[in-house]
Amino acid sequence: PRPPPVLGKHVRTMNVTKKNFDEIADEIERLLPSAEFVAIDEEMTGISLPGCEEQVADLPAARYGKMRKVATNYNIIQFGVALFTKDTDKKYIVHVFNFYAFPEKGFVNMEAGSVHFNSRNGMDWNKWILGGIPYVDKESAEKLRQSIFPAPETVQPQPQQTGKQRIVLSNPQDIETTTKAVESLKGWLLDEGRKEEKELELLTTNSYLRRFLYEHLRESMPDLVLESRPTKARGLSTMVALRLTNTEKLEREAKLQKEKETEFRSKLGLRRIFLALAAARKTLVGHALLFDLLFAFSHFEGLPESYEEFKELSRQFFPSFFDTQVLAKSHLFRMKPQNVDRGQEEQTEQTKTARFSSLALGQVYKVFKQEAEE
């Protein structure tokens with residue numbers, strides 16, 4: 001048989017923050033189809049809670065309940081992804097991406113031991129806080145989608161149909177300001193000398209008066225396109241009227257749709273990477289993988305209450321995965337290999353020695369690397 005591919009020096013590592021996230025996310029989505037398998041690793045703000053210590057006698061469901069509390073209480077600091085692709089010379093090309101993750105809102109809980117561990121290993125806390133990529137879970141993503149892509153309406157609702165009362169102005173200054181804006185708009189539309197002008201700035205004002213104008217002009221000038229453009233002044237936007245042909249309206253709608261899709265993908269943050277990994281259906285590899293999966297599901301999807309539901313959900317997302325820590329503990333790998341005759345197997349079984357002094361990833365890798373070089 002042909003020898004399996006071996007890892008060569010084809011390794012590329014990239015730190016990812018908010019500044020380069022969109023570019024890297026596009027690249028990962030492009031690379032995933034050709035990957036043989038994917039490895040993940042995470043750094044967390046904590047991995048233990050009082051009362052959630054694991055016991056040898058814990059049944060899987062009880063252990064899951066304890067680990068679930070930890071994963072939902074703490075945060076992800078870094079989310080590492082490595083894509084392994086076969087090269088033509090029987091080696092792997094490895095693309096490694098280290099994502100800094102920091103939520104846009106909510107609490108960030110930290111455990112002192114994890115802080116010290118990450119500090120000793122060179123964690124850039126400023127990059128984490130200032131450049132960390134936001135993320136949302138499934139429920140938050142759906143709310144985000146509804147806010148950016150509201151359901152289309154076949155009939156334009158009246159204010160009372162949307163639960164909002166129609167605005168009636170009572171302040172004389174507000175009435176004068178909006179009346180002047182409407183008269184200015186009518187004059188612009190009727191001025192033959194300005195027919196080539198595509199837009200007119202009506203006024204810069206607050207959201208209250210802009211809503212009044214939207215309601216008023218939507219009824220009296222339904223073919224007119226209106227939009228608000230933010231200004232540097234907080235709470236104030238400039239209301240602009242656009243005079244567009246049907247073709248120009250379609251082009252504008254297409255552009256706005258594309259901008260909304262870009263905004264949505266950007267605000268999904270690391271959930272976008274999580275979903276891309278799931279959609280690729282590649283074998284997933286990790287060390288002590290269960291905790292990585294629990295944290296990833298907790299922050300990028302949502303963790304079920306029960307162990308059985310989690311097993312079903314994880315199989316739906318990642319049908320094939322290997323935990324190298326579990327493999328290192330197994331009978332196949334935990335003892336040092338020895339070349340013996342079949343007749344000596346029983347005697348040799350009693351004299352075998354442990355292969356790993358520790359099941360930490362660095363130690364396991366070191367042992368296999370030394371064996372490969374012998």
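Strands are DSSP runs of E with at least two residues, numbered from the N terminus. The model shown in these views is predicted.

**View 1. Histidine 95 in strand β4.** The strand that holds histidine 95 covers residues 91-100. A relative accessible area of 17% makes histidine 95 buried, because the cut-off for that class is under 20%. Beyond its neighbours within four places in sequence, histidine 95 contacts Arg12 and Leu31, and also Val81, Ala82 and Leu83.

**View 2. The ring pair of tyrosine 64 and phenylalanine 310.** In total, 22 aromatic pairs are counted in the model. For tyrosine 64 and phenylalanine 310, the ring centres are 5.2 Å apart and the planes meet at 25°, so this pair is stacked. Tyrosine 64 belongs to helix α2 (residues 60-73) and phenylalanine 310 to helix α11 (residues 307-317), so the pair ties together parts that are 246 residues apart in sequence. Tyrosine 64 is buried, at 3% relative accessibility. Phenylalanine 310 is buried as well, with a relative accessible area of 4%.

**View 3. The ring pair of phenylalanine 297 and phenylalanine 318.** Here the ring centres lie 6.2 Å apart with the planes at 80°, so the pair of phenylalanine 297 and phenylalanine 318 is edge-to-face. Phenylalanine 297 sits in helix α10 (residues 289-300), while phenylalanine 318 is in the loop between α11 and β9 (321-323); the pair therefore ties together parts that are 21 residues apart in sequence. Phenylalanine 297 and phenylalanine 318 are both buried.

**View 4. A cluster of rings linked by pairs.** The members are Tyr64, Phe79, Tyr135, Phe274, Phe297, Phe300, Tyr307, Phe310, Phe317 and Phe318. Among them are Tyr64 and Phe310 of the stacked pair. Phe297 and Phe318 of the edge-to-face pair are also in the cluster.

**View 5. Helix α2 and what covers it.** Helix α2 has 14 residues. From its first C-alpha to its last, helix α2 reaches 20 Å, close to the 20 Å expected at 1.5 Å a residue. Its buried residues are Tyr64, Lys66, Met67, Arg68, Val70 and Ala71. The elements that cover these buried residues include α10 and α11.

**View 6. Arginine 243 over tryptophan 188.** Arginine 243 lies over the face of the tryptophan 188 ring, at 4.0 Å from the ring centre.

Key. Residues numbered from 1 in each chain as written. Predicted model: local features only at pLDDT ≥ 70, side-chain atom pairs only at ≥ 80, totals over all residues. Heavy atoms only, no water. Phe/Tyr/Trp six-rings, centres within 6.5 Å; stacked < 30°, edge-to-face > 60°. Helix = DSSP H or I, 4+ residues; strand = E, 2+ residues; numbered from the N terminus. Buried < 20%, exposed > 50% of the residue type's maximum accessible area, 1.4 Å probe, protein only. Lys NZ or Arg CZ within 6 Å of the ring centre and 35° of its normal. Expected span 1.5 Å × (residues − 1). Contact = heavy atoms within 4.5 Å.
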